[in-house]
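These notebook entries record what I looked up in one structure.

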Amino acid sequence: MKKLRSLQKFWPGVFSPPAQNFLQPMESIAAWRVFLATVMGGCAVLILGNVTKSSMAGYGYGAVLFTALSWPYVPQLLKTIHWTDMTIAQSLLLLIASIGLGEVAQRILGFNPQAQGMKHMNWPIAIHLLWQFPLVLPVENLLLIGSMAWLWKFLRPTSPGNRLGVAVLSAALFGLWHVPFWGAWTMWTISLSVLPWTLYMMATGDILVPLIAHILMDVIAMISTFAPSNSVIIHLLWPLLGIGLILLGLGHSLYQDWRVKRRKIA
């Protein structure tokens, strides 16, 4: 009994029921609707992005389609977002876990499955992608959350093994969705790097921290891989990221102070 309680504290969301913030938004939607929204949203990104020759258009259509088909699921999700004093620290820890597991997956394979696709990219393309990240990456996370929701509602897990299965399957589906872009073996590497996000969201119901970790991971990957070796941004990457995170935290503190003062005035 004591061992079970310690496991529940050490691994919430798996050895204990997930957070209410994870479960509550699901109550607003049936399993078949969130499944349909996830599939159609993912297909819209892949197909319409290819038809329009614009990934921004594909992700935009995907987001609109997912939101419309799952309504009011997305507004319910947005209500769970809260910036806390630990958001930045948790994002960095999740980033480290994701990069670490991704590296382990590559070591097991013995090669980087994304290397072939990266040969067709260069620094100007990377800059173009960096500007798209504010739209693209939230939509990717939204589709990941959608897959978690329909798997949870369909499988109705009650045991730790089943709950862990939902997290693993969701990460695997996210990896599978990237196969058309990067090739079959990326399902393995991306699934492992995304697994900490699914486990974290089940444990806390927090969808903001995995999104920040996703943005940081992809920004670091793009700049460190494609920026010219003599570029200033290579030398300033980590300081700029640190300053950016500090400014985010400062902005949050100022916003909280403003809200407190406004309440007192009211």
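Entry 1: I looked up Arg107 and found a relative accessibility of 65%, so the residue counts as exposed; the classes are buried under 20% relative accessible area, exposed over 50%, and partly exposed in between, with a 1.4 Å probe and protein chains only. The model is predicted, so I noted that local features need pLDDT of at least 70, that side-chain atom pairs count only at pLDDT 80 or more, and that totals for chains, interfaces and linings use all residues. Residues are numbered from 1 along each chain as its sequence is written, and side-chain values use heavy atoms, with hydrogens and water left out.

Which residue does Arg107 meet in a salt bridge? The partner is Glu103, at 3.2 Å from N to O; a salt bridge is a side-chain nitrogen of Lys or Arg within 4 Å of a carboxyl oxygen of Asp or Glu. Glu103 is partly exposed, at 36% relative accessible area. I placed both residues in helix H6 (residues 87–109), four residues apart, about one turn of the helix. Helices are DSSP runs (H or I, at least four residues), numbered from the N terminus. By this rule I count one salt bridge.

**Entry 2: cavity.** I searched the whole structure and recorded one cavity of 30 Å³ or more. On a 1 Å grid over the protein atoms alone, a cavity is a set of points where a 1.4 Å probe fits but cannot get out, while a pocket is an open set with protein on both sides within 12 Å along at least five of seven lines; lining residues have an atom within 4 Å of a point. The largest cavity has a volume of about 70 Å³, a volume being the space filled by probe spheres set on the points, which are joined across faces, edges and corners. Its lining includes Asn21, Phe22, Tyr73 and Leu77. Helix H2 (20–23) and helix H5 (73–79) each supply at least two lining residues. By class I noted seven nonpolar, three polar and no charged residues; Ala, Val, Leu, Ile, Met, Phe, Trp, Tyr, Cys and Pro count as nonpolar, Asp, Glu, Lys and Arg as charged, and the others, Gly among them, as polar.

Entry 3: The largest pocket has a volume of about 1200 Å³. Of its 38 lining residues, I listed Gln114, Met118, Trp182, Asp218 and Met222 as the closest to its centre. Elements that give two or more residues to this lining include H6, helix H8 (123–155) and helix H12 (208–226). The lining has 20 nonpolar, 15 polar and three charged residues.

For the second largest pocket I recorded a volume of about 300 Å³. Its lining has 14 residues, with Thr38, Val39, Gly42, Leu173 and Trp177 nearest its centre. Which helix gives the largest share of this lining? I found that H3 does, with six residues. The lining divides into 11 nonpolar, three polar and no charged residues.

**Entry 4: helix H9.** I located Gly165 in helix H9 (residues 160–177). Gly165 is partly exposed, at 22% relative accessibility. I noted 21 Å between the C-alpha atoms of Gly165 and Val179, which are 14 residues apart along the chain.
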